[in-house]
Amino acid sequence: MQNKRIDTFIMGMAIVFMGAAVFIMGLLPWLGRAHAMTVVTMDGKVVPAQPYTALEAKGRKVYIREGCWYCHSQYVRPVTGEDRRWGPPSQEGEYAYDVPHMFGTRRIGPDLTREGGRVADDWHFAHHFNPRMVVPDSIMPQFPWLYNGVDANGRPVPTEDAVALVAYIQKLGSNLGPWRKNFLYISGGSAIPVVPAAVQDGVEEGKKVFMRRCVGCHGETGDGKGPVAVFLATKPRIFKDGIFKFRSTPSGSIPTDGDLYRTITMGVRGTAMPNWHELTEEDRWFVIQYIKTFSDRFKEETPGDVIVIPPEAPNTPESVSRGKGLYDQMKCAECHGVDGTGNGPSASTLRDNWGNPVAPRNFTHGGTDMKSGPAPQDMYKAFSTGLDGTPMPSYADFLNPDQRWDLVHYVMSFGPPDTYLILSPQQAGDSYGH
Ligand code: HEC
Ligand code: HEC
Ligand code: HEC
C-alpha cells in the first residue's frame with residue numbers, strides 16, 4: 001500500500017516536471033514578448049542588430065557541422081571578470097538572428113562571442129589548419145579538410161567552407177559596433193606601467209613566455225619566420241633588426257619598454273598580431289626583456305626623447321579644412337589617395353624595409369584600422385614618429401603641433417566618427433603624459 005502511494009507520487013511529479021519543461025522551453029518563448037532586435041552600443045546608442053550575410057550564414061552552418069560548439073560557448077556572462085577577458089557582457093539583441101543559438105555551457109576553449117575583429121583573417125586560417133602552430137599548447141583539433149592544396153608561396157589554400165567559417169567568426173560580437181576601441185584602453189593598453197623592480201632582469205622568464213606564445217609567428221631566433229608566417233599578409237616583425245613601427249620616440253630611434261608594452265598589450269589592428277592583455281603584467285615585461293636580446297641596438301643605443309603630445313586642439317570644420325590643405329601640400333594623396341581609401345598612384349609599389357608589400361592605410365575604415373590605436377592622440381603620435389620600417393614618414397620636421405592636429409581632424413573626417421576613441425582631457429593626460 002505504502003509503495004503504491006510513492007509510485008503514484010513519483011509518476012505525478014514526473015508529469016508535472018515534463019509539463020513544466022514543455023511549457024517553459026517549448027511554449028513560453030512563443031507566447032512571450034517579441035525578441036529584442038536591437039543592442040545598446042558602448043556609446044549608449046540603441047542600434048538594430050545586423051542579420052548575417054549569405055557568406056556568414058553559410059559559415060555558421062560550417063561552425064555547427066564541425067562541432068566548434070562542443071568546446072566554444074558564445075555568451076559573456078556579467079560575472080567573475082569575464083568582461084575583462086573577452087569584452088562587454090552579452091545582450092539579448094545580439095542573438096536576434098541566431099537560430100539555433102550557440103550559448104553553450106561548456107568552455108573547453110575560450111568564449112567566442114567577442115571574437116570578431118580580434119585578429120585578421122589570416123590568423124584564423126593558420127589556426128584552423130593547425131592550432132599548435134599558432135598556440136603551441138593548444139588542444140583544439142586540426143581541420144585539414146578545410147584546405148585544398150597549397151598556392152605558389154606554399155600557403156595552404158582555404159576551401160569555400162573555410163572562407164565562410166572565418167567570415168562568420170569575424171562577424172561575432174560586431175552587432176555591438178566598434179566596442180573594441182574602449183576595451184583596448186580598459187584592458188590597460190594606454191597606461192604605461194612602472195617597471196616592477198623584481199622584473200628588471202626577466203630574460204630567462206621572458207624566453208619561456210616567448211616560446212609558448214610568440215614563436216609560431218616571430219620564429220625561435222626572432223627572424224619572423226615561424227611556421228605561421230607563410231599564412232600572413234602582414235609579416236611578423238623581425239626582431240634582430242631592432243626596427244619598430246609603434247614608438248613614442250623619434251623616427252629612427254629604438255622604442256621605449258613602455259612602447260613595446262603597449263603594442264603587446266593592445267596587439268596590432270588589422271594584422272595577425274593578437275592583443276596579449278590576458279598575459280600577466282609581469283609576463284609582458286619579461287617577454288619584452290627577451291625580445292630585446294635579439295637586437296644589438298638595445299645594447300648600443302638608448303631610446304630618443306619621448307615626443308610630447310599636446311592637448312587636442314578643437315575639432316572644428318575650420319581645423320578640418322586647414323587639414324585638407326596640409327594633406328595636399330604634404331602629398332599624402334600620393335599614397336593614401338585623394339579619397340583616403342589608400343589607392344594613391346604610388347600605393348601599389350610600396351614595400352617595407354624587408355621587401356614585403358605594404359598598403360597605405362584606408363582612412364574610410366576609421367579608427368578601427370589604425371594600428372597605433374583608436375584615439376586621435378595615437379594618430380598624432382604616428383605623424384610625429386613615422387612608422388619605421390615602412391614608407392610612412394615622420395612629419396615632425398615639417399608640421400607644427402597645431403598643423404598635426406588639423407591633419408588628424410582631416411583624416412578622421414574620412415571615417416565613421418564612432419570608430420575613434422575620444423578621451424577626456426583627464427584620460428588623455430594620464431595616457432599621453434601632458
Ligand atoms: C576540442 C575542443 C575544441 C574544438 C572542437 C574547437 N576548438 Fe577552438 N579552441 C579550443 C581551445 C582549447 C582553444 C584555446 C587554444 C587555442 O587558441 O588554440 C581554442 C581557440 C579558438 C579560437 C581563439 C579564441 C581566442 O580568443 O583565443 C578560435 C577563434 C576558435 N578556437 C575557433 C574554433 C572553431 C571555428 C572551431 C570549429 C571549426 C573550433 N574552434 C573547434 C578548443 C576547441
Ligand atoms: C599569430 C602571429 C603572431 C603572434 C603569435 C605574435 N605576433 Fe607579434 N607580430 C605579428 C605580426 C604580423 C606583426 C607585424 C604587425 C605590423 O607590422 O603591422 C607583429 C609585430 C610585433 C611587434 C612589433 C611592433 C612594432 O612596433 O613594430 C612586437 C613587439 C611583437 N609583435 C611582439 C610579440 C610578442 C611579445 C608576442 C608573444 C607574446 C607576439 N608578438 C606574438 C604576429 C604575431
Ligand atoms: C610614401 C607613401 C606615404 C606617404 C607620403 C604618407 N603615408 Fe601614411 N602610410 C603609408 C603606409 C604604407 C602606411 C601603412 C604602414 C603600415 O601599415 O605598417 C601609412 C599609414 C598611415 C596612417 C595609419 C597609422 C596607424 O597607426 O595605423 C595614417 C593615419 C597616415 N598614414 C596618414 C598619413 C598622412 C596624413 C600623410 C601626409 C601627411 C601620409 N600618411 C603620408 C604611406 C604613406
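Begin by selecting domain 2 and domain 3, where 15 residues of domain 2 are in contact with 14 residues of domain 3, contact meaning that the C-beta atoms of two residues, placed from the backbone, lie within 7 Å. This is a predicted model, in which local features need pLDDT of at least 70 and side-chain atom pairs count only at pLDDT 80 or more, while totals for chains, interfaces and linings use all residues. Residues are numbered from 1 along each chain as its sequence is written.

On the side of domain 2 that touches domain 3, select helix H4 (121-129) and helix H5 (131-134), each of which supplies at least two residues; helices are DSSP runs of H or I with at least four residues, numbered from the N terminus. H4 provides the largest share of that side, four residues.

Next, colour the whole chain by its domains, which are domain 1 (2-32), domain 2 (51-177), domain 3 (197-300) and domain 4 (317-432), with bounds that come from an automatic or database domain assignment.

Now select Ala-126, Leu-165, Ala-272, Val-287, Ile-288 and Ile-291, which have the most contacts inside the largest nonpolar core, a group of 43 residues. Such a core is a set of buried Ala, Val, Leu, Ile, Met, Phe, Trp, Tyr and Cys residues joined through C-beta atoms within 7 Å, and buried means that 20 or more other C-beta atoms lie within 10 Å of a residue's own. Helix H6 gives the most to this core, seven residues. Because domain 2 and domain 3 both give residues to this core, it lies between them.

Notes
Chains lettered and ligands numbered in written order. Buried ≥ 20, exposed ≤ 12 C-beta atoms within 10 Å, placed from the backbone.
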